[in-house]
Amino acid sequence: MAASSHSSLPQGDPGLEQRLGEKLSILFRIEGDPEHPYSEVVGLLQRVTVDETGARTLAVCRRDGSVVEVAEADVIRLKFIPVRTGGPFRAPASWGSG
């Protein structure tokens, strides 16, 4: 499965593995609902896996602790979100209270 030429994610970008743990937003294609052909996930880049054909999948951990896996070929837009400076740290809900 080759990456789409419309993707803003460079195919085979080696820098993704070096950005694990960073916050990002991914707009990606989904199938099965012609009225809603896209979805978005925002969270921390948890892992990047490569299958036997060389296709990569990005795993994003949401604030609630759920993980969304997105095939690189389905990515339309990927944007890393800069770390917010100043203000109190807001822990994800999945970390529980404590």
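Okay, so a salt bridge here means a side-chain nitrogen of Lys or Arg within 4 Å of a carboxyl oxygen of Asp or Glu. By that rule, the count comes to 5 salt bridges. Keep in mind that this is a predicted model.

Let me start with glutamate 17 and arginine 56. Their side chains meet in a salt bridge, at 3.3 Å from N to O. The two residues come from distant parts of the chain, 39 residues apart: glutamate 17 is in the segment before β1, and arginine 56 is in strand β3. Is arginine 56 buried or exposed? Buried, because its relative accessibility is 7% and the cut-off for buried is under 20%. Glutamate 17, at 32%, counts as partly exposed. There's a network here too: salt bridges link Glu17, Arg56 and Glu72.

Next pair: glutamate 69 and arginine 47 form a salt bridge, with the closest N and O atoms 2.6 Å apart. Glutamate 69 sits in strand β4 and arginine 47 in strand β2, so this pair ties together parts that are 22 residues apart in sequence. Arginine 47 is partly exposed, at 33%.

And then there's glutamate 22 with arginine 19, a salt bridge at 2.8 Å, N to O. Glutamate 22 is partly exposed at 29%, and arginine 19 is partly exposed at 31%.

Now, the strands. Which strands does β1 pair with? One is β2, which runs antiparallel to β1 and is joined to it by 7 bridges; for instance, serine 25 has valine 42 as its bridge partner in β2. Another is β5, also antiparallel, over 5 bridges, where isoleucine 26 partners leucine 78.

Conventions:
Residues are numbered from 1 along each chain as its sequence is written. This is a predicted model: local features need pLDDT of at least 70, side-chain atom pairs count only at pLDDT 80 or more; totals for chains, interfaces and linings use all residues. Side-chain values use heavy atoms; hydrogens and water are left out. Two strands pair if DSSP finds at least two bridges between them. Helices (H or I, at least four residues) and strands (E, at least two) are DSSP runs, numbered from the N terminus. Buried means under 20% relative accessible area, exposed over 50%, partly exposed in between (1.4 Å probe, protein chains only).
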